[in-house]
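Please take a look at the sequence and the structure shown here. A short briefing follows them.

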Amino acid sequence: MSTETRIYRALGGWVEAPDDPRPELDGEINADVVIAGAGLAGLCAALELTRQGMEVVVLERGFAGCGASSRNAGYLAGGQGLKYDRFLKTVGMEKAKRIVEFYEEGVRFAEARFKEHDIDCDYHQSGLIRAGIHPSQETAVRKDMRLEAELGLSAEFLDQAAMRSRGIPPAFLFGSYVASGGTLNPGKYVLGLRRAALEAGVTLHENTPLLSYEDGPIVKARTPRGCVNAPVLMLTTNAYTPGLGLLDDQVVPLRLSAIETEPLSDEQLAALGWPGREGITTPHWIMESHRLTARNTLVVTTKRLRYPYGSRTPEAPEQKQYQALYTALQDRFPMLKGIAIRHCWSGYISYANDGLPVVGVTAENRNVYYSAGCCGHGVGTQGLVGYLLARHIGGFTNPMLATLMDHVTPAMLPKPLRWCTLNLALNAAGRLDDRLNRKVRSI
Ligand SMILES: Cc1cc2nc3c(=O)[nH]c(=O)nc-3n(C[C@H](O)[C@H](O)[C@H](O)COP(=O)(O)OP(=O)(O)OC[C@H]3O[C@@H](n4cnc5c(N)ncnc54)[C@H](O)[C@@H]3O)c2cc1C
């Protein structure tokens with residue numbers, strides 16, 4: 001990839017900063033609930049609490065949506081692609097079924113939000129394909145499909161003939177297709193929620209980081225120039241939560257990246273095929289995801305992951321990750337040879353050792369709620385978690401939330417051993433994937 005094509009965009013490829021920024025908090029105010037972090041989780045929580053008649057103040061260190069919620073690949077996915085082997089043994093079959101049902105509910109939840117708040121986010125309800133690029137991946141795909149069937153997920157195996165008759169680009173040999181979910185523009189989704197929250201009367205303070213909080217029956221949430229007093233605090237800060245001194249032993253921020261091509265010409269689209277525009281992921285150790293957008297660009301994500309030292313979350317370009325994604329783009333779509341890259345960007349997900357959501361309540365007065373985890377699966381689920389927590393705060397506990405709150409997340413290794421071990425494992429996974437990709441190239 002040439003230097004001029006590596007167009008890094010710190011905000012990601014989907015959004016501009018809103019032209020109606022909400023004022024920074026200046027002074028001391030009161031609320032029924034104060035929420036820190038205005039991504040999908042925080043905004044959905046704020047909407048539900050406001051609907052219940054509560055006074056809600058949301059503190060956001062950037063602008064609402066500026067985290068992973070606007071930087072993701074835009075796959076609205078249910079349980080497909082979960083790392084079942086990481087949690088099945090520890091939680092058992094019955095609880096695993098409830099967890100998978102929660103992920104499936106996440107898809108329905110997001111779809112209902114588009115309708116309820118009239119959000120046009122280019123949602124394409126195409127279903128999703130987990131597609132193999134080498135015959136050796138078929139065993140893993142079929143094994144996951146068997147497990148998924150036991151867990152209540154229905155998927156269809158697409159062999160070569162079925163893939164070709166769908167017009168899926170030929171690099172993808174076979175796959176597991178789920179009909180629910182699809183792809184969307186995550187920037188339009190989260191900014192649509194921001195608009196809905198403002199219209200509903202949520203008080204939003206942007207450019208207002210929560211710096212610290214003081215426990216008590218009334219929590220004091222401190223910001224650089226102000227403070228919010230509220231009987232309940234929600235930390236919907238996801239990957240940034242360890243930076244606030246909470247969940248450091250349960251989740252780590254992982255840096256992952258995306259690239260987006262320039263819009264494809266009519267000739268390039270014709271050469272590509274792919275009329276159903278199903279979102280595709282691969283069963284690599286670290287997956288690749290490939291999707292077309294409503295603006296006829298291709299977005300490629302993941303491929304490499306990195307855990308920054310000390311669980312910090314610096315914003316800097318990840319040139320190695322962009323290069324790896326560009327290689328994947330060229331490998332999978334030789335018919336688009338030489339296509340220019342429009343944007344590259346990166347963001348943070350919060351990763352728990354079992355890949356599951358980390359949701360709970362802490363503090364002596366049991367009035368500080370948190371939501372993290374969900375890894376690369378948060379487009380549906382994180383909004384749902386925010387909503388379920390808000391229902392719980394209002395006195396209605398959904399059994400789905402009880403399952404999540406009861407779940408014990410396996411502890412992370414202590415630092416700095418954690419940094420060495422995790423990055424070693426991530427690099428090893430990357431090398432295994434590279435080896436497979438070389439095999440594919442040599443066929
Ligand atoms: C490159 C990439 C691709 C992805 N692809 C997909 C995908 O295709 N499908 C999928 O389901 N998931 C995907 N994900 C994951 C998904 O985006 C996340 O799980 C989800 O958006 C998390 O939502 P959230 O509201 O919990 O967190 P976030 O959106 O990260 O929101 C947290 C907010 O807290 C704010 N904040 C942080 N610290 C403070 C503080 N001290 N005070 C106030 N505010 C603070 C941040 O600025 C941010 O706005 C992807 C993620 C990335 C990065």
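This is a predicted model: local features need pLDDT of at least 70, side-chain atom pairs count only at pLDDT 80 or more; totals for chains, interfaces and linings use all residues.

Residues are numbered from 1 along each chain as its sequence is written, and side-chain values use heavy atoms, leaving out hydrogens and water.

**The ligand**

- The ligand is surrounded by 34 residues, the closest being Glu-60, Ser-69, Leu-210, Asn-238 and Val-379. A residue counts as near if one of its heavy atoms lies within 4 Å.
- This shell holds 17 nonpolar, 14 polar and 3 charged residues. Ala, Val, Leu, Ile, Met, Phe, Trp, Tyr, Cys and Pro count as nonpolar, Asp, Glu, Lys and Arg as charged, and the others, Gly among them, as polar.
- Helix H1 (40-51), helix H2 (68-71), strand S18 (341-352) and helix H9 (378-393) each give at least two residues to the shell. Helices (H or I, at least four residues) and strands (E, at least two) are DSSP runs, numbered from the N terminus.
- A side-chain N or O atom of Glu-60 lies 2.6 Å from an oxygen atom of the ligand.
- Taken alone, the ligand exposes 1000 Å², and the protein buries 97% of that. Accessible areas come from the Shrake-Rupley method with a 1.4 Å probe; for residues, only the protein chains shown count as cover.

**Aromatic rings**

- The whole structure has 12 aromatic pairs. Rings of Phe, Tyr and Trp (its six-membered ring) pair if their centres lie within 6.5 Å; planes under 30 degrees apart are stacked, over 60 edge-to-face, and the rest tilted.
- Phe-172 and Phe-333 form a tilted pair, with centres 6.0 Å apart and 55° between the planes. These two residues are 161 residues apart in the chain.
- Both Phe-172 and Phe-333 are buried. Buried means under 20% relative accessible area, exposed over 50%, and partly exposed in between (1.4 Å probe, protein chains only).
- Tyr-240 and Tyr-348 have ring centres 6.4 Å apart and planes at 75°, so this pair is edge-to-face. Tyr-240 sits in a loop and Tyr-348 in strand S18, so the pair ties together parts 108 residues apart in sequence.
- Phe-114, Tyr-123 and Tyr-189 form one aromatic cluster.
- Arg-166 lies over the face of Tyr-177, 4.2 Å from the ring centre. Such a charge has NZ of Lys or CZ of Arg within 6 Å of the ring centre and within 35 degrees of the ring normal.

**Two buried residues**

- Leu-193 is found in helix H6 (residues 186-200). Leu-193 counts as buried because its relative accessibility is 0%.
- Arg-332 is found in helix H8 and is buried, at 2% relative accessible area.
- The side chains of Arg-332 and Asn-437 make a polar contact (2.9 Å). A polar contact is a pair of N or O atoms within 3.5 Å; within protein, one must be able to donate a hydrogen and the other to accept it, and residues adjacent in sequence count only if both atoms are side-chain atoms.

**Backbone**

- Most residues other than glycine have a negative phi, and most peptide bonds are trans.
- The peptide bond from Lys-415 to Pro-416 is cis, with omega near 0°.
- Asp-118 has a positive phi near 55° and is exposed, at 66% relative accessible area.
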